[in-house]
Amino acid sequence: MPSRPMLLVHGYSADAMSLENLYRQLIGQGVDARIVNVGNYISLNNEITIEDISEGLEQAIRLVAGLDAAEEFDAVVHSTGMLVVRAWLAHQKVTPGDNERLKRLKHLIGLAPATWGSPQAHKGRTWLGALVKGNKTPGPDFLNAGNKVLDGLELGSKLTWDLAHADLLGPQPYFGTDANTPYVAVFIGNTPYDGIAGVSNDPGTDGTVRWSGCGLNTRKITLDLTQTPTDSKGQPRQRVTMSPWAANGSRIDVPILAVEGKNHGTLVSDPDAGMMARIGKFLQVSSAEEYDNWLTEARAWSAPAKQKMLQSKGHGFAFWETKELDGWQQFVVRVRDTHGDPVTDYMIGVFERGVDPTTGQEGWIRSEEFSMDVHAYGADPSYRCLHIQLPKGITTSPKPMQIGIQASTGTDVVAYQGYGSDDVDREMRADSDPVMIDITEALKDKDATLFHAFTTTLVEVVLNRRPFPFEDPSKIFAWWPPFPPEANQ
């Protein structure tokens, strides 16, 4: 077993004691108790952010854990602990080759990690959330629910969007195949809470985090509806662009590994023996080949537990009877205009070839074969998270597909303008037809399907925002008619 120091980082509203059983199981796997550092951080304070906690982690590493500036270590994180460590890695905003923090972390183990937040987070800001989860100690933080931490944990948050662009979608991988970046493993329970705690269960979750929002496998689709699509450097680009999966090329594959019979809490309070055995072996991985071999075996071990996640009983969705699924998927969407400002009033739909039931004619019709749960990020609804249960066969039977976008400024003096696949400009208003973008060709080079179970896909849409009407003198600025000559002339 490696002699590197190990850090344990708990989740939101918890403390170090929540990791006691996990700690003892790690010692049982041969980890030297003298090198295990169990973290304890404040999350129930309304002024503290996840970035604050990540810098508190940095100070604790330097001043308390006794690690020198270059010493390597491993980390095991639960729930929000994943965002804390990812924020710590990305804080310097430098490329991986210059990121000394990234070089030091050798293994990162996520246990039910809140990689993309939690559907419970936005509920925690209410008074009831403060009553149930808030700090109960009399003082300035009494009944604080940790608003800013919950903001980062909210589905579709700006924090998770920005982090993904730094560590998952950047030009150089944060989690790569060489020795300068950490190897990552993600374990998640295959069942939600039971008993009274089960009242708050959302489908496709372990009770707190979504199965599709735990792994690090992601990609980004950009739909540029402006007149002349350009990238961030001002260079021309296609109207539809799609990044490769984070697992492609030099990026390691980081899928979820399901654990039988565990939920968000019991995964760490009562760790599975099979999971702990694989964690012990994972800590010995030191090359890309060893990682691939470890992952192949771990996937085989996890397969029976994962199979039980491929069904839905319809809670909160359209399917009321038990349905066999291909799995679950998240889409995190952001719509902005060419100024970089948020577009907050919009709708997105998926369209496929079929027969319109009202006209009987074949054409593009809105796809109704999967159920969707949409959450708008409270601080900025231009960010939204779409949770989809994928019906059986949708991930293996690619088909022509279009995305339709509607948007409104809420005023008649300024309007959004979008160019679809036909390159025809269209006024976008609340009652206008959607602008249609065909993504079929883009998908052909990217495994042909939009749907991948237990992953998160980012979608960014860019629109023109212009004074209206577009071609005639606008209402927002017009020239005043000439003043009449003075009477004495």
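Colleague: In which helix do Glu100 and Lys103 both lie, and how many residues apart are they?

Modeller: Glu100 and Lys103 both lie in helix H4, three residues apart, or about one turn of the helix. Helices (H or I, at least four residues) and strands (E, at least two) are DSSP runs, numbered from the N terminus. Please note that this is a predicted model, in which local features need pLDDT of at least 70 and side-chain atom pairs count only at pLDDT 80 or more, while totals for chains, interfaces and linings use all residues. Residues are numbered from 1 along each chain as its sequence is written, and side-chain values use heavy atoms, with hydrogens and water left out.

Colleague: How many salt bridges does the structure hold?

Modeller: Side chains of opposite charge can pair when their charged atoms come close. A salt bridge here is a side-chain nitrogen of Lys or Arg within 4 Å of a carboxyl oxygen of Asp or Glu, and the structure holds 25 of them. Glu100 and Lys103 form one, with their closest N and O atoms 3.5 Å apart.

Colleague: Which parts of the chain does the salt bridge between Lys148 and Glu47 tie together?

Modeller: In that salt bridge the closest N and O atoms are 3.5 Å apart. Lys148 lies in helix H6 (residues 147–153) and Glu47 in the loop between strand S2 (36–38) and helix H2 (50–63), so the pair ties together parts that are 101 residues apart in sequence. As for accessibility, buried means under 20% relative accessible area, exposed over 50%, and partly exposed in between (1.4 Å probe, protein chains only). Lys148, at 38%, is therefore partly exposed, whereas Glu47, at 56%, is exposed.

Colleague: How is the packing of helices H9 and H10 described?

Modeller: Two packed helices are described by the angle between their axes and the distance between the axes. Axes are lines fitted to C-alpha atoms, for helices over the stretch in contact, and angles run from 0 to 180 degrees between N-to-C directions. The axes of H9 (residues 273–282) and H10 (residues 288–307) come within 11 Å and cross at roughly 175 degrees. H9 and H10 are therefore roughly antiparallel; angles under 35 degrees count as roughly parallel, over 145 as roughly antiparallel, 65 to 115 as roughly perpendicular and the rest as oblique. Contact means heavy atoms within 4.5 Å; among the residues making it are Met275 and Phe282 of H9, and Trp294 and Trp301 of H10.
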